[in-house]
Structure formats: C-alpha cells, structure tokens
Amino acid sequence: MGKNGFDFVKIDKTVIKETKYVASFVLILSVLMQAIFLILSAFDVVKWDYTIPLGNLYGAALAIGNFFAMAFYVARAVSKEEKDAKQMVKASQSLRFVALLLLAAVGAVLPCFNVFTVVIPLIFPTIAAFLSQLRNKNKQ
C-alpha cells in the first residue's frame, strides 16, 4: 500500500480522456445555455439571478461526476468475468441512477439553484456521446 492508502484505485487513462472530452462538451453547452438564459432574461421571459449560474454549475458537476462514475465502473468491469462484469455494471447503473435522482432533487428543492439549470446539464453527456459517435463514424 502506498503513502496515501489509495493504491487500489487506479483510474484508466481512457476514463480520464473520455471524462475530459465530456467535461469540455458540458462546459461548452453550459455556456450556450447561460447565453440562452441571458437572452430570455433580456425579453423578460426569465429573471436572471445568481441561481441560474449556480444551478448550472451544480448540474454540470452532477453530469460530469455521473459520467466519470459510469466510465470508471465499466473500465473496472472489463477485467472481470462476463457474469460478474454484467452484474457490476448493472449495480453501478442502479446506484448512479438513484444517486443522480436524489442529488438532482436536492438541487431542484434548494432555493439557491434554478431548477432548469440543474436538470438541463444532465443531458449534456448524452449529446457529447452522440457527437463523439458521429465524429468517429466520419473518420472511418
């Protein structure tokens, strides 16, 4: 065991690379979302206040954290037997779903966050994955 006691936690380089990719898309889409909210506030559709960027930060952190956890457990599952791998991925998916649901609910209930800016970033990793597939398909 190393100095820090965390030698058992090795993060695959692919997990880090893909998480950085998704995080960059979440950042870009979050900036776009902020611009849309600013435009909507200029037309008095929404009231711009501190809850909008705070909710966006919280939702983006949830989205990136959820993606990282998914990639981490999938990478760990690859080294296991097929049955154990399926079980591990399924358990991870269930736990991540419940955790994400609870944390998003907390973000929706707390008055310091805008509900929409908490929830909308949760779909950004899906958009990033779709665009990644398109990019990889065009390279072939």
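What follows is a short chat about the predicted model shown above.

Visitor: Hi! What should I know about the model before we start?
Guide: This is a predicted model, where local features need pLDDT of at least 70, side-chain atom pairs count only at pLDDT 80 or more, and totals for chains, interfaces and linings use all residues. Residues are numbered from 1 along each chain as its sequence is written, and side-chain values use heavy atoms, with hydrogens and water left out.

Visitor: Great. How many helices and strands does the protein chain have?
Guide: There are 5 helices and 0 strands, so the order from the N terminus reads α-α-α-α-α. Helices (H or I, at least four residues) and strands (E, at least two) are DSSP runs, numbered from the N terminus.

Visitor: And what box do the C-alpha atoms fill?
Guide: Roughly 55 × 40 × 30 Å, taken along the principal axes.

Visitor: What share of the 140 residues counts as buried?
Guide: In this chain, 30% of the 140 residues count as buried. Buried means under 20% relative accessible area, exposed means over 50%, and partly exposed is in between (1.4 Å probe, protein chains only).

Visitor: What about contacts between residues at least 6 apart in sequence?
Guide: Of those, 74% join residues at least 24 apart. A contact here means heavy atoms within 4.5 Å.

Visitor: Switching to aromatics: how many pairs are there?
Guide: The count comes to 4 aromatic pairs. The rule takes rings of Phe, Tyr and Trp (its six-membered ring) with centres within 6.5 Å; planes under 30 degrees apart count as stacked, over 60 as edge-to-face and the rest as tilted.

Visitor: Which kind of pair do Y21 and F25 make?
Guide: A tilted one, because their planes stand at 55 degrees, with the centres 5.0 Å apart. Both residues lie in helix 1 (residues 13–42), 4 residues apart, about one turn of the helix. Y21 is buried at 15% relative accessible area, and F25 is buried at 18%.

Visitor: And F68 with F72?
Guide: The F68 and F72 rings have centres 6.0 Å apart and planes at 25 degrees, so that pair is stacked. These two are 4 residues apart in helix 2 (residues 51–77), about one helical turn. F68 is partly exposed at 30% relative accessibility, while F72 is buried at 11%.

Visitor: Which residues do ring pairs link into a cluster there?
Guide: F68, F72 and Y73.

Visitor: OK, charges next. Where is the salt bridge?
Guide: The structure holds 1 salt bridge, and it joins the side chains of K86 and E82 at 3.4 Å, N to O. The criterion is a side-chain nitrogen of Lys or Arg within 4 Å of a carboxyl oxygen of Asp or Glu. Both partners lie in helix 3 (residues 82–109), 4 residues apart, and both K86 and E82 are exposed.

Visitor: Which residues form the nonpolar patch on the surface?
Guide: V115, F116, V119, I120, I123, I127, F130, L131 and L134, with about 750 Å² of accessible area together. Helix 4 (115–119) and helix 5 (124–139) each give two or more residues, and helix 5 gives the most, with 4. Patches are made of residues with over 30% relative accessible area and no salt bridge: like charges are joined within 9 Å, nonpolar side chains (Val, Leu, Ile, Met, Phe, Trp, Tyr) within 5 Å.

Visitor: Where is I123 found?
Guide: In the loop between helix 4 and helix 5. I123 is partly exposed, at 48% relative accessible area.

Visitor: Last one: what is the accessible surface of the chain?
Guide: About 9800 Å², of which 69% belongs to carbon and sulfur atoms. Areas come from the Shrake-Rupley method with a 1.4 Å probe; for residues, only the protein chains shown count as cover.
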